[in-house]
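Work through these exercises with the model open beside you. Each task is followed by its solution.

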Amino acid sequence: MDIIKITKDNFEAEVLNSDKPVLVDFWASWCGPCMMQGPVLDEMAGEYDNIKIGKINIDEQQELAIKYGVMSIPTLMFFKDGKPTDTLEPDFCTPEYINDAGKFAIDAGITRYTQVAGTPDLRSKICEKFF
């Protein structure tokens with residue numbers, strides 16, 4: 001399943017009225033950690049058909065970010081039965097993780113980030129938190 005671009009216009013249909021749980025990524029194009037986790041979420045979207053994964057660009061959809069109390073990015077929020085049930089905020093980006101991920105992302109290029117050593121750490125944190 002592809003990642004869904006979520007806006008204020010489709011939020012109710014795609015998230016609140018979804019028949020599946022929804023993992024929502026609050027992100028921005030200028031956010032380095034957001035860009036690094038993007039390919040991990042793309043990969044996961046192709047693997048899990050029992051959930052939806054959506055992205056909300058906070059610069060374009062400020063109302064949604066404010067409504068759900070997003071204070072920093074990247075923030076992942078899990079919705080089930082139309083309600084937010086859990087949140088993973090940037091505290092998972094420890095200095096060690098950022099150093100390793102940044103080094104690998106620069107060496108490999110962000111588009112190939114899913115193939116580098118830092119990826120399993122993020123994947124495991126997402127899976128432990130939400131699944």
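Two strands count as paired if DSSP finds at least two bridges between them. Keep in mind that this is a predicted model.

**Exercise 1. Find the order of the strands in the open sheet, and find which strands stand at the edges.**

Solution. 
- Step 1: The open sheet has 5 strands, in the order 1-3-2-4-5. Its pairing is mixed.
- Step 2: Strand 1 (4-5) and strand 5 (83-88) stand at the edges. Each has a single partner strand, so one side of each lacks a neighbour in the sheet.

**Exercise 2. Locate the largest nonpolar core and state which elements supply it.**

Solution. 
- Step 1: This core has 20 residues. F11, V24, F26, I73 and F79 have the most contacts inside it.
- Step 2: At least two core residues come from each of helix 1 (11-16), strand 2 (22-27), helix 3 (62-67) and strand 4 (75-80).
- Step 3: Strand 2 gives the largest share, 4 residues.
- Step 4: Now check V24. Beyond its neighbours within four places in sequence, V24 is in contact with residues including I6, V15, I56 and F79.
- Step 5: Look for a second, separate core of 10 residues; among them are L41, M44, A45 and L76.

Notes. Residues are numbered from 1 along each chain as its sequence is written. This is a predicted model: local features need pLDDT of at least 70, side-chain atom pairs count only at pLDDT 80 or more; totals for chains, interfaces and linings use all residues. Side-chain values use heavy atoms; hydrogens and water are left out. A nonpolar core is a set of buried Ala, Val, Leu, Ile, Met, Phe, Trp, Tyr and Cys residues joined through side-chain atoms within 4.5 Å. Buried means under 20% relative accessible area, exposed over 50%, partly exposed in between (1.4 Å probe, protein chains only). Contact means heavy atoms within 4.5 Å.
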